[in-house]
Amino acid sequence: MNRAVSNSGARLASLYASSSLSSSSLATEAWDGRFRLHKPRGQHLLTNPRVLDAIVRHAALRPGDAVLEVGPGTGNLTARLLAFPVNRVTAVETDPRMVDAVTARFGALDMTRKLTVIQGDAMETEFPEFDVCVANIPYGISSPLIAKLLFGAYHFRTATLLLQKEFARRLVAMPGDSEYNRLAANVGMVADVKLLMDVSKRDFVPMPRVDSSLVEIRPRAAPPEVDLAEWLGFTRECFGQKNKTLGAIFKQKRKILDLLKRSQRTERCTGGGIILGVLDDDRNDEACSDEDEESCDRAAGFSTEEVGAFKERIVSALASTGLAGKRPSKMSNDELLYLLRLFNQRGIWFQ
């Protein structure tokens, strides 16, 4: 037998053996005084070998790929990524104990030439160039991490992410679904998302309270013809009260004043002005009462006449589209984009 093939096979076997620790042994490691996992931080180790294999299989890695892994934990998924003929794996981990564990684990197997471990907060770390992202990410950073990947300056083929099941359902929701929300609208503007499989909470140590789902996010080759910063501002206004009609949303005094302030800025930010953060921060706006309208106008620095004229621009734009009676949760991105462009043409801005 060829010696190189034999050595390669032995190393592959070692990697898989090192990544197939039993749940009981991991549980002991996780909960003794030396290495306590922090559940509030989302530290849950995926231990089921079949699920780990399935994740890498769904990632559809290609020879020579550069792989980004966020939150490698002790390296169970990392081992399988390194077993493929990828160019390199970059793992970003904030917990120094995990960094030490992963570095020691793969240093012992002489695999550090293909592995770079970066200690740092994934939301603050500048990622190197990568072709695919494969990660079991802490639930608490799901939305901001997806925002960073899709609306940052990264160009990649796919992201295969293990997410909280409820969050994944919201991510793949379609207009008219009860789960449809700003998150799905924003991600759907720039990428195609597919639900791949569900993963039981029993496959993790320590066991979380909820099940997970694996999703594939595939950025579109052609960027949308829209100022993404303006789009994100627009969907934030629409989905803050997604079950109200657009007519009801945009007639609220406080919202009118807020939009008037933005629209009167002398410098318009276009392109590159995206402020990264969560994609699903739906919230309700308080409205001024009718009795307080004049005082609200004065407090905002506008005359009642200025506010009335601006409100008429909003009302007439909605009337011309026939969309005033529609709810954002029922609307397609094409409909929302059409309305945004019309608003912008009439000097109504959202970022």
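Which residues form one aromatic cluster with Trp-231? I looked this up and found Phe-234, Phe-250, Phe-343 and Phe-350 in the cluster with Trp-231.

**Conventions.** I am working on a predicted model, where local features need pLDDT of at least 70, side-chain atom pairs count only at pLDDT 80 or more, and totals for chains, interfaces and linings use all residues. Residues are numbered from 1 along each chain as its sequence is written, and side-chain values use heavy atoms, with hydrogens and water left out.

**Aromatic pairs.** I searched the whole structure and got ten aromatic pairs. Rings of Phe, Tyr and Trp (its six-membered ring) pair if their centres lie within 6.5 Å; planes under 30 degrees apart count as stacked, over 60 as edge-to-face and the rest as tilted. I noted Phe-127 and Tyr-154 as a tilted pair, with 5.5 Å centre to centre and 40° between the planes. Phe-127 sits in the loop between β4 (115–119) and β5 (132–136), and Tyr-154 in the loop between α6 (142–151) and β6 (158–164), so the pair ties together parts that are 27 residues apart in sequence. Helices (H or I, at least four residues) and strands (E, at least two) are DSSP runs, numbered from the N terminus. Phe-127 and Tyr-154 are both buried; buried means under 20% relative accessible area, exposed over 50%, partly exposed in between (1.4 Å probe, protein chains only).

I next took Phe-234 and Phe-343, an edge-to-face pair at 6.3 Å centre to centre and 65° between the planes. Phe-234 belongs to helix α9 (residues 228–239) and Phe-343 to helix α14 (residues 333–345), 109 residues apart. Both of these Phe residues, Phe-234 and Phe-343, are buried.

**Cores.** I listed the largest nonpolar core, which has 65 residues. Such a core is a set of buried Ala, Val, Leu, Ile, Met, Phe, Trp, Tyr and Cys residues joined through side-chain atoms within 4.5 Å. Phe-127, Ile-146, Phe-234, Phe-250 and Phe-343 touch the most other members. Apart from this core lies another, of 27 residues, including Ile-55, Ala-79, Ala-91 and Met-197.

I checked Ile-146 for contacts (heavy atoms within 4.5 Å). Leaving aside neighbours within four places in sequence, Ile-146 is in contact with Leu-161, Leu-163, Phe-167, Leu-171, Val-187, Ile-217 and Leu-279.

**Thr-158.** Is Thr-158 buried or exposed? Thr-158 is buried, at a relative accessible area of 3%, and is found in strand β6. Not counting residues up to four places away in sequence, I have Thr-158 touching Ala-59, Asp-131, Val-132, Cys-133, Glu-216, Ile-217, Arg-218 and Pro-219.
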